[in-house]
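Welcome! Here is a short briefing to read alongside the sequence and the 3D view.

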Amino acid sequence: MGAEQRFGEFVVVRRHGAEGGGAVAELVLDRPKAMNAVSTAMARSLGAACDALAADRDVRVTVLTSSHERAFCVGADLKERNSFSDLDLVRQRPVARAAYTGVLELPMPTIAAVHGFALGGGFELALSCDLIVADATAVVGLPEVSVGVIPGGGGTQLLPRRIGAARAAELIFSARRVEAAEAGGLGLVDEVVAAGQDRAEALALAARIAANSPVGLRAAKKALRLGHGLDLRAGLEVEDAAWRSVAFSGDRAEGVAAFNEKRSPQWPGE
């Protein structure tokens with residue numbers, strides 16, 4: 001994958017170097033004329049971009065960003081949906097699901113850089129990431145019940161896992177929007193930064209993460225994801241399997257050698 005690659009009209013992947021020779025991919029939502037509303041075409045492109053990133057072993061961290069100055073993503077394209085027949089909606093559903101699960105199932109650590117509106121499916125894209133960095137202008141929420149539907153990009157499952165069942169129920173049932181300060185306090189986002197700094201801070205965090213073992217990062221994410229919700233004994237078995245997958249890797253050997261030789265590791269990534 002080159003330094004920049006476009007997937008359709010509305011999604012761009014950019015590559016950034018990182019300390020330690022790692023690679024950070026920036027997955028850019030780029031439909032500014034519609035505040036990144038997710039149309040069928042955009043969903044298809046997002047799914048394709050995620051497929052390409054998932055297959056790229058050189059990518060250690062992915063950062064999800066927006067090209068729009070006032071919005072991360074306002075959710076599904078309701079203007080497009082207004083023209084749909086029931087059959088159109090049925091046909092679109094697998095395409096939409098593939099976009100959200102594409103982000104959710106990326107094998108490397110993922111960070112969402114959120115500013116302005118991140119509503120409905122837009123907030124679900126952020127929730128699909130491991131970490132969310134939001135700036136002071138961020139407004140998040142899952143307002144789907146206010147237009148007669150429910151969150152369909154993972155929101156009913158991802159939000160309670162992040163903030164607990166009761167708080168998630170209040171936010172989903174009330175359809176209310178939450179501004180950055182409260183979002184940080186509730187744990188809806190992980191870090192609140194100054195206005196206009198979400199992308200820079202997320203990329204800086206990604207660079208710090210990317211300096212670590214790519215094999216270790218992917219295995220740690222797998223253990224975190226698969227172990228969540230299991231009882232402790234089962235979770236420890238998940239962790240043990242992930243540990244065994246890295247214990248005899250080239251990255252483990254290089255990490256131990258670099259520590260003892262007091263130098264920065266040169267990760268083989270295998």
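The side chain of His 115 comes to 2.5 Å from the backbone oxygen of His 68, a polar contact, that is, a pair of N or O atoms within 3.5 Å, where within protein one must be able to donate a hydrogen and the other to accept it, and residues adjacent in sequence count only if both atoms are side-chain atoms. The model is predicted, so local features need pLDDT of at least 70 and side-chain atom pairs count only at pLDDT 80 or more, while totals for chains, interfaces and linings use all residues. Residues are numbered from 1 along each chain as its sequence is written, and side-chain values use heavy atoms, with hydrogens and water left out.

**Around His 115**

- His 115 sits in the loop between β6 (110–114) and β7 (117–119); strands are DSSP runs of E, at least two residues, and helices are runs of H or I, at least four, numbered from the N terminus.
- With a relative accessible area of 9%, His 115 is buried (buried is under 20%, exposed over 50%, partly exposed in between, with a 1.4 Å probe and protein chains only).
- Leaving aside residues up to four places away in sequence, His 115 touches several others, including Ser 66, Arg 70, Phe 72, Asp 135 and Asp 198 (contact means heavy atoms within 4.5 Å).

**Helix α6**

- Ala 168, Leu 171 and Ile 172 are buried in α6 (residues 165–174).
- Seen down the axis of α6, these buried residues fall within an arc of 95°, so they line one face of the helix; the arc is that of the directions from the helix axis to the C-beta atoms.
- Ala 166 and Phe 173 are exposed on the other side of α6.
- The buried residues of α6 pack against α5 (155–163) and β10 (178–179).
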